[in-house]
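The entries follow the order in which I turned to each part.

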Amino acid sequence: MAASMWWRGFEAVGRRRFSCSHRNWAKIVPAVDGGEEADLTEKTTAKTFSAMQAERHEQAERTILISCPSNISEKKFYKYLSSYGTINKYFFYEGFGIYAVVEFSDKESIGTLKGFSSIPSLQHECAVPFKSRLFNLRNSHPRELSAARPSVSCLKQSVIPLNELIRKLSGAESIDEQLYTVCKEYQITEENTRLRFLVCSLVKDIAAAYFPECSIRPFGSSVNNFGKMGCDLDMFLDLDSISGRNNTKTGGAFSMEYGTKRVASERVATQSTLSVIGECIDQFAPGCTGIQKILNARCPLVKFSHQPSGLQCDLTANNRIAMRSTELLYIYSNIDPRVRALVFGVRCWARSQGITSNIPGSWITNFSLTMMVLFLLQKRNPPIIPTLDQLRDLAEAEDKHVIESHDCTFVLNNKIKPSQNTETLEELLQEFFEFYGNFAFNQMSINIRKGKEQHKPEASPLYIQNPFEQALNVSKNVNQTQLEKFVTSARESAWILQQEGLKRPMSNTKPWGLAALLLPTMQSPGGKSKKKRQPASERIKSLLDSLKANKETAGYLNRSNGGRRHICTVAW
């Protein structure tokens, strides 16, 4: 039962807390009375992105997914599966029923299990005989277990409700602790990460029927360390790893090539490949439903739902720049623990204010918000993270990457020196709201490659330059109304923090700090509904007048002396 207890460490921690980064999830640190908890800001040396991907991929190849009966006995479950091979780790979760993720110590154990598994016999339907690594566990003696209660502990696969999060944040000792708490509560867990790589591995089993040497790798939020529990699973069908693509011709009288089908362009080849694999997923992959082939999009993709995991999946091919963007964010996340905490906090705030949405439209996206946080951190003095050009300049010859004439070069994360900046998260959160509450969006663009504002090349309300495809605006979807909503919310949040949010109240139940910013717009921090709210223009005018008066009284504080600037008016 050691493996079970290994996973159950998450459920039995009580008041103990762990690091914001899920890479250290097995390390549980007791709370320290009378001070900040050391594990909240602990910096660790992370694996490189490619090493992490390779390790997770190999792990997933030795893993199976099992649909279990509702009255499953964990003891009998473990004993039964151990008869096929050594189990490294396993855990249970609840979705459309109870499921178990089981990692064996070797792939041969899965082969042994498959040898003793049968294709179900159906009376009125016919089972498609595709032998995947998704199994159904049946009771051989149903009467014996019919009255039994399930003895397994299912791990959560969803985020904490907002009202419960606000309650937790209200009891925190500092705004720094609040931001790290949001990060810990919202981040993708170790178990969910394993599940995501397993789903990629199961889809790869389908694609391998046509391309035996291909790989399917997750990218985006699932692996860049900024993903929230429940986010979509973006998958990349990598055909570049197929051997023979870049073989140089050897000497001699002859050389040999594969006979291949030829099409007009790489885009056509991608569309054809995704169409066929999408059809195979639809026809053969158990648990995959709602398949949509969106092949005429700028980046062709296949969308589907993987019901056993509860994940919404997007499969693309030859999307190599997206993989580099994922690795870049992964590197930034590992430079300093404040990066992830601030991104999670800002995203949580934006969602509570209706600035972001799960529905595609004119809202600001989480990716755009992440770019805005990174840009702010590049502009601190001293900078907390380097610019992309600085990462490129640190790169060596083996780090060079050029994709479709786009320079995607940057140094690996283990070669980057930590920043000497000592600002607290409280200061950085305040600065985020003040900085973007005053930003000249009507004239300037955001560019994390340079780390400085540049004049906008086009008239989009919000212009955030794509770090690699530099002619593209990653926030082109955002309209003026949504941008103004963001600026208004940023100014109001800066005002709340300056006026009442930074002081922790005597009561542990009254929302303060970040918790006060997450309250519904019609509710005050004390929990009482407001009678009537002023129009936005009047509130902003009052806010700015108040801050202007404060500025005239106190004057601008010198940053080198620990001061913080106040909000001022900005031309639109």
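Is E404 buried, exposed or partly exposed? I looked this up before anything else, keeping in mind that the model is predicted, and I found E404 to be partly exposed, because its relative accessible area is 48%, while buried means under 20% and exposed over 50%.

Entry on the loop around E404. I placed E404 in the loop between β13 (402-403) and β14 (406-407), and I noted that E404 has a positive phi of about 50° although it is not a glycine. S405 is found in the loop between β13 and β14 as well, and its phi, near 70°, is again a positive value in a residue other than glycine. With a relative accessible area of 67%, S405 is exposed.

Entry on the whole chain. I counted 17 helices and 16 strands in the protein chain, and of its 572 residues, 51% count as buried. Among contacts with a separation of 6 or more, I found that 67% are accounted for by residues 24 or more positions apart.

Entry on helix α12. I checked the length of α12 (residues 366-378), whose 13 residues should span 18 Å at 1.5 Å a residue, and the end C-alpha atoms are 18 Å apart, which agrees. I then looked at its cover and found α12 mostly covered, with eleven of its 13 residues buried; among them are S368, T370, M371, F375 and Q378.

Entry on α11 against α12. I noted that these two helices pack at an angle of about 135°, with their axes 10 Å apart, which makes α11 oblique to α12, and that their crossing is right-handed. On the α11 side I listed V339, L342, V343, V346, R347 and A350, which meet N366, F367, L369, T370, V373, L374, L376 and L377 in α12. By class, this contact has eleven nonpolar, two polar and one charged residues.

Entry on the loops at either side of α12. T356 is found in the loop between α11 and α12, and I recorded it as buried, with a relative accessible area of 7%. Leaving aside neighbours within four places in sequence, T356 is in contact with A350, R351, W363, I364, T365, N366 and L369. In the loop between α12 and α13 (388-394) I found P382, and a cis peptide bond joins N381 and P382, with omega about 0°.

Entry on α11 against α14. Helix α11 (residues 337-352) and helix α14 (residues 425-437) pack at an angle of about 45°, with their axes 11 Å apart, and are therefore oblique to each other. I noted a right-handed crossing here too, as α11 passes α14. R338, A341, L342, V346 and W349 of α11 make the contact with L425, L428, L429, F432 and F433 of α14, and by class I have nine nonpolar, no polar and one charged residues.

Entry on R338. I came back to R338 of helix α11 to ask how covered it is, and at 8% relative accessibility R338 counts as buried.

Note on methods: Residues numbered from 1 in each chain as written. Predicted model: local features only at pLDDT ≥ 70, side-chain atom pairs only at ≥ 80, totals over all residues. Heavy atoms only, no water. Axes fitted to C-alpha atoms, helices over the stretch in contact; angles between N-to-C directions. Helix = DSSP H or I, 4+ residues; strand = E, 2+ residues; numbered from the N terminus. Parallel < 35°, antiparallel > 145°, perpendicular 65-115°, else oblique. Left-handed = near helix turned anticlockwise from the far one by under 90°. Contact = heavy atoms within 4.5 Å. Nonpolar A, V, L, I, M, F, W, Y, C, P; charged D, E, K, R; others polar. Expected span 1.5 Å × (residues − 1). Buried < 20%, exposed > 50% of the residue type's maximum accessible area, 1.4 Å probe, protein only.
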